[in-house]
Amino acid sequence: MQPDFGPDDPGTNQGGPEATARHDQDAFAVALLQAATPQAVAAALAQRLPAAVVARAFWSPRWPEAVDSDPPGASDSEIARAVREIGAVRASRAPDPRYLVLCDDAQDGTAVLRLQAPLPASATVDGLCSMAGARMAELLAAERLRSELATLEKSGQLQSALFAIADLAGSGLDMPEMLRGLHNIISGLMYAENFYIALHDEAGDSLRFAYFADSVDEAGPAPGQIVPMASIERGLTWYVVKDARPLLGSSMNPRTRPSGPLALHGAESTDWIGVPMLRDGHVHGALVVQSYLEGTRYNQSDMALLSFVAEHVLTALERKGAQEQLERHVADRTRMLAEANRELSREVAERQRSERLQAALYRLAALASSEEGSAAFYRQVHAVVGGLINARNFYIALLSEDGTQVSFPYAVDACGSDWSTRSYGRGMTEYVIRTGKTQVVDTARMIELARAGEIDARYVDSTVSTWLGAPLTGIGGVIGVVAVQSYSLARGYDDSDAEVLTFAAQQIASSLQRRAAAEHLREANARLEERVESRTRELREQIAQRERAEARLRHQLLHDPLTGLPNRVLLRERIEHVLASAREGDAPGFALLYIDVDRFKQINDSLGHLVGDDVLKQVALRLARVAPAHAVVARLSGDEFAILLEDVESAAAAAEVAQRVIEAMREPMLVGDRQVLVSASVGITLGDRGYEDLDAVLFDADVALYRAKEHGRNRQVLFDDDLQRAAADTRTLARQLREGLLGDAFVPWFEPQVRLTDGAIVGHEALLRWQHPERGVLAPAQFLQVAEDNGLLDAIDWRTYRRACEALAHLPGAGFVSVNVPSRLLRHADFDTRLLRLVEEAKLGPGQLRIEISEGTLLHDPDTVAGILGRLRDGGVDTVLDDFGSGYSSLAFVHRFPLRMVKIDRKFVSRFATDDSARGQAVLAALVALARSLDIEVLAEGVETEAQRQMLLSMGCQHGQGFLFGRAQPLRA
């Protein structure tokens, strides 16, 4: 029952309200003294305050950490909210009606009440709260002291454990004993009956379990077992190593979340702590404890403690590992020193033996240059070998060059055997030659080799107890054998003798070959003198032939193979020479005539390339005939020629030569059985313009030639200041074209194509325009020739095609878009594949792109063009024949090509209003009828009036294009 603090309370004692209040305060004081916990204080205070006022009490000896509450079970968010709001009260120093602060001390702790309703203003209430706050402060201070004492005790335990770990690392225990000691130490800090240490190999991506103790998991890894990380992927230990941070909990209930989903490996524990062993940011392993008992759990303090211990465990492991490695190193070093001592003793004996062997080898080497005969040479060899081993019975055998016979040029033997030359067989000598190895053969070994078929018993002397033979190895293989043999069992041969004889055999073989080489050299010198004289004569002839070949090759490199005239390379050399002389100031003036055969392409196309080649040959002859004696007449390429005039004093002299060239070309040429008329255009530049490089000379002459062709051909033009300015303008335009290409300044404008019956848009023709930065929008006629001369037209065309395809989706009426394709592009082998790839990248459907080509394009290599158009049709790209009726083709010829549409040339439509309109209408009607009979769509260009439209409709023409339906416009943004 909550007390009522009103003035008319019927439950007051006989002493009146004041006595009752004192009685309640005394009872509350007793209750506070009996309260041993902050929760008890909060409960006692709540019983004496009005009902439904206190919502919850919060307290902590280390506010805002470790906050507790009454009633218990406050959520984390609720506690965080209280901490945040009390922080605001502290910051503002203004009371919050939602909270009553019982005590707030940085040293002794903080306790607050969260109120559901305001407390009544009463001295009694204030007294109760003040008493409760004082008691709460006392209990929080005591709790803080107990916590600090426990922390100190645990720190002492931890320090003792660390000292013990350090002692273990420096002890004489072996690694397994030390690891068991580490297990005992960690068991003194926390529950660690189940404990393991895993070391991480980063290079091999594996774990080595240095220690493993588990009361449940009998199938756990054995000590020292290496486990690939992949086999425990997504397990708790795997995450500790991969994430390089500790984990707390179990696979089913992790309290610290790993970076990904968990998988169970091994026995499932009720609780688990794993911490990484870190050094310089690298994970060297993991330390793990786990519990299978429901009542035994771990907390964050345990995890922090184990993380701290892990670094010291890693240090202990590293120290113990280093100690064991040092001990192994000392043991290995001791063994090595003992072995070195034994080896040194052997070396002393071996060195003495080597010195004797070396002296013998020097004597053998000296014999190679001896002028004595073979018999004396062999006797001295025998004497040297006898100084090294027992050589009482000694012989040297040599293999013939063809390998069919074995001879014995020297032999000394106590039993006097037959040493005559014999055929190559199965004796001991042949066995050494065959194997190429030194052989020590006793009686038992001889019997074994005979049974194996390696030697023939007929070649074996049964009285020999031990035989030793070493191969004489030359550059080309074994050339013979040096052998010794013993007839006494007491004086045999061993591996040491075999090694000595092997070294001697090598030097003997070398000396034999050197003596043989010296003899061959003497014979070869005589033959060489004869051959040198013969070879000298041959080389003189070869040098003469090479000089003639080089002269022919230089002529071919510097002359045109068709006409025999100097080519561009030689002309450039001569111009460079003239310019160099001019720069030095010791050369007269010069002039360059750039000559082009007018309309030579028509000759090639109409009469064939063979006739064209004959024409070029005659042009070359005529140029050589009219040029001055010291002039250079060159063919540059195709139908272009040049004449370099040196010692030219004036422009008139150059013009005179140019005029002779023009007049020489006017005479008809007889080619085969027909006469061919040609003319020539000449561009002239003089050397008095201060040229620095030859390319400028060629360029100016070419500009003058181009102006001559512009003015009607068959004439000459001298490069002057006006042409220079025009050339500069051309170069500027070429530069602006390149900049425009980089700046995406070339855009398509779109002219609608409509259905004549209702005027509905069925498609658009994309027309090229240049958005010039200074001159505005330019039509192709204003820049096309310069773009083609500078090799930019292909890039401009392809950029326009791409933008036209990308714009189709934004054009009114959609339908299709058509682009103009010149014959130049159709000559590229990959044109169709490149265009189809563009269609695919622009995501156009079949029939949405059409290409427009001229009649002349069809006439050039019709079979190839038909193949390209067929592949485009198969890929969904249709073909339109543009300006039909303006060229040379006919509908019968057109039928060979896969055409979707023909566009009637605008001249037929424009004649409707002229005097010969009736004739034009008849021709147009015939074209429309024939096209429709071939199932080819017809579109009329240049429709500008309604009368023209009606006339075309009456003829059966389906589509039209012209100013009546709309002019070309850019794509609107």
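Predicted model: local features only at pLDDT ≥ 70, side-chain atom pairs only at ≥ 80, totals over all residues.
Residues are numbered from 1 along each chain as its sequence is written, and side-chain values use heavy atoms, without hydrogens and water. Local features need pLDDT of at least 70 and side-chain atom pairs count only at pLDDT 80 or more, whereas totals for chains, interfaces and linings use all residues.

Helices (H or I, at least four residues) and strands (E, at least two) are DSSP runs, numbered from the N terminus. Two packed helices are described by the angle between their axes and the distance between the axes. Axes are lines fitted to C-alpha atoms, for helices over the stretch in contact, and angles run from 0 to 180 degrees between N-to-C directions. Angles under 35 degrees count as roughly parallel, over 145 as roughly antiparallel, 65 to 115 as roughly perpendicular and the rest as oblique. A crossing is right-handed if the near helix is turned clockwise from the far one by less than a right angle, and left-handed if anticlockwise. Contact means heavy atoms within 4.5 Å. Ala, Val, Leu, Ile, Met, Phe, Trp, Tyr, Cys and Pro count as nonpolar, Asp, Glu, Lys and Arg as charged, and the others, Gly among them, as polar.

Helix α7 (residues 300-367) packs against helix α8 (residues 374-386) at an angle of about 175 degrees. Their axes are 10 Å apart. The two helices are therefore roughly antiparallel. On α7, the contact is made by Ala360, Arg363, Leu364 and Leu367. On α8, Phe377, Gln380, Val381 and Val384 take part. Six of these residues are nonpolar, one is polar and one is charged.

Helix α7 also packs with helix α11 (residues 495-558). Here the axes come within 8 Å and cross at roughly 20 degrees. This makes α7 roughly parallel to α11. The crossing is right-handed. From α7, the contact uses Arg353, Leu357, Leu361, Leu364, Ala365 and Leu367. The α11 side includes Val500, Phe503, Ala504 and Ile508, as well as Arg514 and Arg515. This contact divides into nine nonpolar, three polar and four charged residues.

A further pair is formed by helix α12 (residues 568-584) and helix α16 (residues 694-710). The angle is about 115 degrees, and the axes are 9 Å apart. These helices are therefore roughly perpendicular. Their crossing is right-handed. Arg568, Arg572, Ile575, Glu576 and Leu579 of α12 meet Leu694, Asp695, Val697 and Leu698 of α16. Five of the residues are nonpolar, none is polar and four are charged.

The largest nonpolar core has 51 residues. Such a core is a set of buried Ala, Val, Leu, Ile, Met, Phe, Trp, Tyr and Cys residues joined through side-chain atoms within 4.5 Å. Buried means under 20% relative accessible area, exposed over 50%, and partly exposed in between (1.4 Å probe, protein chains only). Val821, Phe831, Leu835, Leu849 and Ile851 have the most contacts inside the core. Helix α19 (residues 793-807) gives the most to this core, with five residues. Leu849 touches Cys805, Val817, Val819, Leu835, Val839, Leu844, Gly876, Val877 and Asp878, leaving aside residues up to four places away in sequence.

Glycine 815 lies in the loop between α19 and β27 (816-820). With 32% relative accessibility, glycine 815 counts as partly exposed. Beyond four places in sequence, Gly815 touches Val762, Leu808 and Gln848. Glycine 815 and valine 125 are 690 residues apart in sequence, and their C-alpha atoms are 90 Å apart. Aspartate 874 belongs to helix α23 (residues 862-874). This aspartate is exposed, at 64% relative accessibility. Its C-alpha is 9.2 Å from that of proline 846, 28 residues away in sequence.

One joins tryptophan 63 and proline 64, with omega about 10 degrees. Proline 64 sits in the loop between β1 (54-60) and β2 (68-70). The other runs from aspartate 70 to proline 71, with omega near 0 degrees. Proline 71 is in the loop between β2 and α3 (76-92).

Positive phi occurs at two arginines. Arginine 93 has phi of about 60 degrees. This residue is in the loop between α3 and β3 (99-105) and is exposed, with a relative accessible area of 78%. Arginine 599 has phi of about 55 degrees. Arginine 599 lies between β17 (590-597) and α13 (600-607), in a loop, and is partly exposed at 45%.
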